[in-house]
Amino acid sequence: MGDFYQNGIITNFHNLRVRSTEDMEHDLLAFSRQRPMSLVLPSLFSELEGPALGHIVEELSQVRYLSEIVIGLDRADQEQFAYAKDFFGRLDQHHRILWQDGPKLQEIDVLLASKGLAPREPGKGRNVWYCYGYVLASAKSEAVALHDCDIVTYQRDLLAKLLYPVANPAFSYDFCKGYYARIADNKLNGRVSRLLVTPLLRALKKILGPMEYLEYLDSFRYPLAGEFSMRTSVFNDIRIPSDWGLEIGVLSEVKRNYSSKRLCQVDIADIYDHKHQPLSEGDVSRGLSKMSHDIIKAIFRKLATNGVQFNTETFRTIKATYYRVALDFIESYYDDAMINGLYVDRDSEERAVELFARNIMEAGQHFLENPMERPFIPSWNRVMSAVPDILERLYDAVEEDNSNL
Ligand SMILES: O=C(O)[C@H](O)COP(=O)(O)O
């Protein structure tokens with residue numbers, strides 16, 4: 001059994017392992033009458049052929065409290081879209097697939113691009129953004145959860161725990177982030193979260209002194225978790241990055257719009273494993289190197305909007321401080337792994353930290369040279385004011401694509 005520690009910044013929902021999934025689902029079914037719920041699944045076509053998604057669909061088809069499942073399907077041609085319809089046909093719930101590369105959704109993208117409002121980069125952020133647009137358009141839910149499609153350890157209680165805080169009408173939470181331990185094959189995973197994000201936040205706190213934003217980000221136990229839930233209206237007014245800065249960007253935006261009393265995190269799984277990307281040390285456009293670059297930039301950009309001034313010297317100091325903090329973290333992770341009978345490869349941990357330290361300098365330099373770079377997708381509120389019938393158009397396009405589901 002875990003602990004029941006509260007960090008005093010956002011509410012932490014623990015798993016004290018005294019309640020069954022069925023009992024929680026029973027409550028959720030009752031809540032759904034007052035507060036209907038949706039699930040968004042951002043997926044690459046390749047994930048339909050991967051080891052996780054088949055089982056996720058099997059688990060989901062036992063869930064009774066969802067009004068709608070919205071699948072964002074990226075990188076699929078016509079034949080693959082037809083295959084996807086069949087694949088997701090096993091879901092009992094009302095569900096829709098957004099065929100992102102299909103002609104109808106591309107037409108909408110072209111329309112938005114002509115007004116400078118379309119997401120500029122492909123990726124998960126873009127996929128999620130269109131899915132939320134569809135959730136707003138279909139107006140079937142008041143609470144919406146999102147999780148990745150590569151979770152090989154998926155159990156349906158993950159979804160129940162994730163939705164509960166925003167679905168219970170007696171609670172006042174608008175946003176909830178999931179957390180867990182990433183462990184597989186007797187190893188600690190979660191390299192970017194453990195070895196970049198937390199040590200970088202601690203280094204920034206050392207250098208910049210107390211800052212509410214840094215305390216807030218640091219209060220999340222797994223800031224990069226791809227699993228979160230929110231009241232549907234939250235999405236109207238947030239701007240998300242289209243790149244790997246998505247998770248940090250969402251946390252920053254909900255902080256900007258809501259009191260921290262309305263934000264929370266929840267323990268959603270005992271263990272969690274997913275598809276692992278290579279470190280890609282030699283290539284900043286791929287793998288964890290690209291991911292770390294995007295995340296570092298997202299944090300620096302947000303600090304700049306909080307009044308922090310950066311120059312090359314600041315980035316050098318951040319890099320050096322980060323490096324020292326991260327090495328101490330490696331020690332702690334190593335010992336924590338040992339006491340749990342797990343394994344940590346110190347050499348690859350140190351190589352990851354060296355790469356992230358280099359990327360702090362590079363991302364910092366990039367930030368200085370491109371101060372106006374904005375990977376943000378506009379909020380749906382802005383898009384709806386520029387193209388008043390956009391939600392109807394999106395809804396109709398998706399309905400037509402899914403007409404024979
Ligand atoms: O969450 C993370 O830190 C990144 O997604 C990398 O995760 P991994 O080390 O488990 O592949």
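A nonpolar core is a set of buried Ala, Val, Leu, Ile, Met, Phe, Trp, Tyr and Cys residues joined through C-beta atoms within 7 Å. A residue is buried if 20 or more other C-beta atoms, placed from the backbone, lie within 10 Å of its own, exposed if 12 or fewer, and partly exposed in between. The model is predicted: local features need pLDDT of at least 70, side-chain atom pairs count only at pLDDT 80 or more, and totals for chains, interfaces and linings use all residues. Residues are numbered from 1 along each chain as its sequence is written.

**View 1. The largest nonpolar core and Leu163.** This core has 116 residues. Those with the most contacts inside it are Val40, Leu98, Cys131, Tyr132, Leu163 and Ile295. Beyond its neighbours within four places in sequence, Leu163 is in contact (C-beta atoms, placed from the backbone, within 7 Å) with Leu28, Met37, Ala143, Ala145 and Ser229.

**View 2. Helix 7, residues 157-167.** Helices are DSSP runs of H or I with at least four residues, numbered from the N terminus.

**View 3. Ile108 in helix 5 (residues 103-114).** Ile108 is partly exposed because 19 other C-beta atoms lie within 10 Å. Apart from neighbours within four places in sequence, Ile108 is in contact with Arg393, Leu394 and Ala397. Ala118 lies 10 residues from Ile108 in sequence, and their C-alpha atoms are 8.8 Å apart.

How values were computed: Contact = placed C-beta atoms within 7 Å. Helix = DSSP H or I, 4+ residues; strand = E, 2+ residues; numbered from the N terminus.
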